[in-house]
Amino acid sequence: MAGLPGAGKSTIAEVIGNRLGIPVLSVDPIESAILSAGIDSDQPTGLAAYLVAESMADIVLGTGGSIIVDAVNAVDPAREQWTRLAAKHGEQLRFIEVVCSDEELHRERFEARDRHLTHLPDPSWHQVEQSLDEYSEWTGDTAAVPRIVLDTVKPLGEVVELALAFLED
């Protein structure tokens, strides 16, 4: 999964995971847990969360299982870690990028969500807007990985069906 905060990644990941019986590893709760251990927020806890998720995904893939990773994956280095991991296990990787083309709807959803992550404060809407400027184009090895872009202005059921069809293809 990839996309800005509040676009709908986690919701879609949870529905797909439940439908397919595949566990979902979400980076944000991992980062919240790292912070709850007393690690200062000025440390690279976001990077640490990605690395923990990668280690956990490595274990699942090593046992022949499948996994859904729920993370922003805004830059190629983050995306490339999943490409390398899939290659290590000889597994096919697919990216589901989630966007919300209606900025007002995106902001409404973002501001209404309650993720219950006590130690990880939500970014402000302004920070989400700024992160759009830092969101990298899909290049290099990650550009060659099958990817679908889902726009969550469509109903959840429709978006989930598109994602499932993409995963089954």
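The legends below describe an overall view and several close-up views of one predicted model.

**Figure 1. Overall view of the predicted chain.** Residues are numbered from 1 along each chain as its sequence is written, and side-chain values use heavy atoms, with hydrogens and water left out. Because the model is predicted, local features need pLDDT of at least 70 and side-chain atom pairs count only at pLDDT 80 or more, while totals for chains, interfaces and linings use all residues. The chain holds eight helices and four strands; helices (H or I, at least four residues) and strands (E, at least two) are DSSP runs, numbered from the N terminus. Read from the N terminus, the order of elements is α-β-α-α-β-α-β-α-α-α-β-α. The radius of gyration is 16 Å, close to the 15 Å that the globule rule gives for 169 residues, so the chain is as compact as a globular protein of that length. That radius is taken over C-alpha atoms, and the globule rule is 2.2 Å times the number of residues to the power 0.38. The C-alpha trace spans about 40 × 40 × 30 Å along its principal axes.

Figure 2. The chain exposes about 9,200 Å², of which carbon and sulfur atoms supply 52%. Accessible areas come from the Shrake-Rupley method with a 1.4 Å probe; for residues, only the protein chains shown count as cover. Buried residues make up 40% of the 169 residues, where buried means under 20% relative accessible area, exposed over 50%, and partly exposed in between (1.4 Å probe, protein chains only). There are 12 positive and 29 negative side chains, and the centres of the two sets lie 4 Å apart. Lys and Arg count as positive and Asp and Glu as negative, without His and the chain ends; the place of a charge is NZ of Lys, CZ of Arg, CG of Asp or CD of Glu. Of the contacts (heavy atoms within 4.5 Å) between residues at least 6 apart in sequence, 74% join residues at least 24 apart.

**Figure 3. The largest nonpolar core.** In soluble globular proteins, nonpolar side chains tend to be buried together. A nonpolar core is here a set of buried Ala, Val, Leu, Ile, Met, Phe, Trp, Tyr and Cys residues joined through side-chain atoms within 4.5 Å. The largest one has 23 residues, and V27, Y50, W82, L93, F95 and Y135 touch the most other members. Helix 2 (27-36), helix 3 (45-62) and helix 4 (76-89) each supply at least two residues of this core. Helix 3 gives the largest share, five residues. Apart from this core lies another, of 15 residues, among them M1, A13, V160 and L164.

Figure 4. Leaving aside neighbours within four places in sequence, W82 is in contact with Y50, A53, E54, A57, V69, N73, L93 and F95. T83 is found in helix 4 and is buried, with a relative accessible area of 18%. Not counting residues up to four places away in sequence, T83 touches L93, F95, D141, T142 and V145.

**Figure 5. The loop residue N73.** N73 sits in the loop between strand 2 (68-70) and helix 4. The phi of N73 is positive, about 50°, although N73 is not a glycine. With a relative accessible area of 1%, N73 is buried.

Figure 6. D58 lies in helix 3 and, at 22% relative accessibility, counts as partly exposed. Beyond residues up to four places away in sequence, D58 touches L85, K88 and H89. D58 and L85 are 27 residues apart in sequence, yet 6.9 Å apart in space, C-alpha to C-alpha. H89 is found in helix 4 and is partly exposed at 23% relative accessibility. With residues up to four places away in sequence again left out, H89 touches D58, L61 and G62. From C-alpha to C-alpha, H89 and L61 are 6.7 Å apart in space and 28 residues apart in sequence.

**Figure 7. R147 in strand 4.** R147 is found in strand 4 (residues 147-151) and is partly exposed, with a relative accessible area of 36%. Not counting residues up to four places away in sequence, R147 touches F95, E97, W138 and F166. R147 and A163 are 16 residues apart in sequence and 10.0 Å apart in space, C-alpha to C-alpha.
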